Amino acid sequence: MTSRTPRDSRLRLVRAPYPRAEKRGEPHRDPARPLSATPGAMGNRRARRPAPRPPEGTPARSELARAARAGLADAARVARWADAALRPGPGSTGGSPDGKGTLSDATAERAAAELGLTAAQVRADWDTARLAGLVEVHGDRARPGWRLRAWDRDDSAVLRGWVALFDAWSLAHPAPDALAPAAVAEVVEAMPQVLSFLQLSAGPVPVPQLLDLLDQRVTELRTERCEIPYGPQPETPADHVEEAPPLPVLLDWALHGLAAVGALTYADGQATLTPLGSWAVWVKLEQICVAAQSPAGHIEQSAEDMLRGCARLRPNAARAEYRAWLAARPVGSAVTDLLTAARGEDALLRGLAFEALRVVGAPAEAEVRAVVDEPSLRPYALLWLAEQEGADPEDVHLVLSREESTWLWIDTAAAVADHGEGQLLVRHLESAVQPTVPALLDEVRRAGHPRTVQVLVALAAAHPDPALARAVRRAAFQVHTGGE
């Protein structure tokens, strides 16, 4: 099945309902959704940890949300304008089909005229709205994000939107073209330590002190990547000596970028975190500490080991581990690692990897869309994309063809057979889309899943009905021998 997103020359804004799963904080389960934990997870509760309190002097959440609303007021205004002014259909005005949600010139000029802004201001506010989740872009279509729907009534939605913008500060304030991309990437990777120092300082910090810290952190990163040669080195002619990365210029860009999103103030040769910035850094540090201090902490582990560890946990506890693991890594590399784990032979890890990708959300869309043509990941990717595009949880399984649903049923059954109990495998029969067992077996034989034989043998061994068990065992034999 190809992407259901229509392609044309304009960016369409469509209305989408407030997603019930995120509103309740508990995802809806349907028969097409693969397992996210083993049956034993119900008996493995994590010890409850008292809710952590932010540092003394941190404003109340309502006050923080008020500050976030003020900082994002212009972005929310443009998002609301788009919600009201743009309509789906052939006559709608929109943007270029570049997959990035860039506004077309006509739409930017129209918004500028109606809002009393310049086209450049509209584009900047639109970009901010996208980064904060006020507008969600899928291919060449855009729609109001769920945070925009909840903006006036839900402080948590507002704060999560601002943190999303805080995480994307380097996109909201791109580095000058003159700076080497590799040097920019190093600084982006090193800035969390600088921000942690600012948070602990709880006051203004001179730029030279931050520069020393940044220099140390960049050196550590290069050492970890073995980019600094050890031992005596041959002398290099003076005209071949490469200039060191301009850290003062890079730090100046980074501080201006963080100031632009409201995380800090930067003036008179010193930087100070705003209350919002200090709270956001504390949240990030707390996420890491929760994982590191918990019995199931997997923050230092690979994606595969982390997913295996989370298989023991209840869904809410597993999502907390995913968030902490993700908070300690760049989003791009984390998504790549999760998809790599999903490509392995363990079907359980595929389901868990896409549960973790649900925590990542929109930033993972491009990479998930890129794996749609991989047979082992296609059903998972299509379900994930449908959820991101606002499909009703009750109907999300409809994006799969009959063949894809059957393939996913076998893959989920393989996870149960490897990690679960026989009785759960028997109950898994009820989730098949086929109306009868013979119809299911007929389509399972044609699915081409590499684990079909093992799944059918395990099902035959577990099922209490001798007649059905014989039919399943016969189907396994036919798949194994290539017969009909």
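Let's start with Trp279. Leaving aside its neighbours within four places in sequence, Trp279 is in contact with Thr58, Arg61, Leu64, Leu159 and Val163, where contact means heavy atoms within 4.5 Å. Residues are numbered from 1 along each chain as its sequence is written, and side-chain values use heavy atoms, with hydrogens and water left out.

Back to Trp279. In the largest nonpolar core, which has 67 residues, Trp279 is one of those that touch the most other members, along with Leu134, Trp162, Met191 and Leu214. By nonpolar core I mean a set of buried Ala, Val, Leu, Ile, Met, Phe, Trp, Tyr and Cys residues joined through side-chain atoms within 4.5 Å. Buried is under 20% relative accessible area, exposed is over 50%, and partly exposed is in between, with a 1.4 Å probe and protein chains only. Helix H9, residues 181-201, gives the most to this core, eight residues. There's another core apart from it, with 63 residues, including Leu307, Trp325, Trp407 and Val416. As background, nonpolar side chains tend to be buried together in soluble globular proteins.

Zooming out, the protein has 23 helices and six strands; those are DSSP runs numbered from the N terminus, H or I of at least four residues for helices, E of at least two for strands. Buried residues are 45% of the 484.

Now helix H19, residues 402-419. How far does H19 reach from its first C-alpha to its last? The reach is 26 Å for 18 residues, close to the 26 Å expected at 1.5 Å a residue; the expected span is 1.5 Å times one less than the number of residues. H19 is mostly covered, with 13 of its 18 residues buried. Then there's His428, in helix H20, residues 422-428. Is His428 buried or exposed? His428 counts as buried because its relative accessibility is 10%. Setting aside neighbours within four places in sequence, His428 is in contact with Trp409, Thr412 and Ala413.

On to charges. A search of the whole structure finds 23 salt bridges, meaning a side-chain nitrogen of Lys or Arg within 4 Å of a carboxyl oxygen of Asp or Glu. Take Arg80 and Asp152, whose side chains meet at 3.2 Å, N to O. That pair links distant parts of the chain, 72 residues apart: Arg80 sits in helix H3 (73-85), and Asp152 in the loop between H6 (146-149) and H7 (155-167). Arg80 is partly exposed at 36%, while Asp152 is exposed at 60%.

Arg446 and Asp442 also form a salt bridge, with the closest N and O atoms 2.5 Å apart. Why about one helical turn between them? Because Arg446 and Asp442 are four residues apart in helix H21, residues 437-447. Arg446 is exposed at 58%, and Asp442 is partly exposed at 30%. Elsewhere, salt bridges that share partners join Glu304, Arg308 and Asp346 into one network.

Last, confidence. The mean pLDDT is 78, and 78% of residues reach 70 or more; pLDDT is the predictor's confidence in each residue, from 0 to 100. Over residues 1-49 the pLDDT is below 50, though that stretch has 145 contacts in the model beyond near neighbours in sequence. Residues 88-99 are also below 50, with 30 such contacts. Where pLDDT is low, the predicted coordinates should not be read in detail.

Technical notes: Predicted model: local features only at pLDDT ≥ 70, side-chain atom pairs only at ≥ 80, totals over all residues.
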